[in-house]
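Dear colleague,

Please find below the structure that I am handing over to you. My notes on it follow, arranged by topic.

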Amino acid sequence: MSKNRLKIYYTISIVSLCFAVLGFGYNTWRLEQSEHNTTVRTAAFEVIIAIAELEQNMFAAVYDQDDAAGSPRIGWVKVGLIEQLSVLIDPKVEMAAEQLKQAWANHWDEITNDEQALATINERISQLQSELKLVLKSLN
């Protein structure tokens, strides 16, 4: 084998190795990104479901005067679940969930007889829903 052919062989080998390492690196990054997106998406959908269940609980308490379906304990469980799942989604969603929990803590016992208390909680729910939508739209 001539010296020139040997140089070409080594050059092709090194370039091939570089492409293989770059391809492996990109594939690993893409898999991690996909896994992150799946986690965020799943947690966000679970939060959306928990928000709907919280609203159903509030409607039962406020409009139906149903002490069983409108139990504040059920509301506390839903608010706690929302807060715990929000950590997996995004810092802004986490903050909105914390604000919802604070609003619930301050007003849960007043929602059946104070429209402002109900409006405050509904406002926090709307804010959380808006943040969730933004995060879900931003996933790639």
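Lys-101 has a relative accessible area of 31% and is therefore partly exposed; buried stands for under 20%, exposed for over 50% and partly exposed for the range in between, with a 1.4 Å probe and protein chains only. This is a predicted model, in which local features need pLDDT of at least 70 and side-chain atom pairs pLDDT 80 or more, while totals for chains, interfaces and linings use all residues. Residues are numbered from 1 along each chain as its sequence is written, and side-chain values use heavy atoms, without hydrogens and water.

Salt bridges

The side chain of Lys-101 meets that of Glu-83 in a salt bridge, with 2.9 Å from N to O. Lys-101 belongs to helix α3 (residues 91-107) and Glu-83 to helix α2, so this pair ties together parts that are 18 residues apart in sequence. A salt bridge here is a side-chain nitrogen of Lys or Arg within 4 Å of a carboxyl oxygen of Asp or Glu.

How many salt bridges does the structure hold? There are two salt bridges. One of them joins the side chains of Lys-78 and Glu-53, at 2.6 Å from N to O. Because Lys-78 lies in helix α2 (residues 72-86) and Glu-53 in helix α1 (residues 3-62), the contact ties together parts that are 25 residues apart in sequence. Is Lys-78 buried or exposed? Lys-78 counts as buried, because its relative accessibility is 18%. Glu-53, with a relative accessibility of 31%, counts as partly exposed.

Overall architecture

The protein chain has four helices and zero strands. Helices (H or I, at least four residues) and strands (E, at least two) are DSSP runs numbered from the N terminus. Read from the N terminus on, the elements of the chain follow the order α-α-α-α.

The C-alpha trace of the protein chain spans about 95 × 25 × 20 Å along its principal axes. The radius of gyration of the chain is 26 Å, whereas a compact globule of 140 residues would have one near 14 Å. This radius is taken over C-alpha atoms, and the globule rule is 2.2 Å times the number of residues to the power 0.38. Of the 140 residues of the chain, 29% count as buried.

Aromatic pairs

There are four aromatic pairs in the structure. Among them are Tyr-9 and Tyr-10, whose ring centres lie 5.8 Å apart; their planes stand at 55 degrees, so the pair is tilted. Rings of Phe, Tyr and Trp (its six-membered ring) pair if their centres lie within 6.5 Å, and planes under 30 degrees apart count as stacked, over 60 as edge-to-face and the rest as tilted. Tyr-10 counts as partly exposed, at 47% relative accessibility.

Another of these pairs is formed by Trp-76 and Trp-104, which are edge-to-face, with 6.5 Å from centre to centre and 85 degrees between the planes. Trp-76 sits in helix α2 and Trp-104 in helix α3, so the pair ties together parts that are 28 residues apart in sequence. Trp-76 counts as partly exposed, at 32%.

Individual residues

Ala-96 is located in helix α3. With a relative accessible area of 1%, Ala-96 is buried.

Where does Gln-65 lie? Gln-65 is found in the loop between α1 and α2. The phi angle of Gln-65 is near 55 degrees, which is a positive value in a residue other than glycine. Gln-65 counts as exposed, because its relative accessibility is 52%.

Glu-115 lies in helix α4, which covers residues 115-138. At 71% relative accessibility, Glu-115 counts as exposed. The C-alpha atoms of Glu-115 and Val-62 are separated by 9.6 Å, although the residues are 53 apart along the chain.

With kind regards
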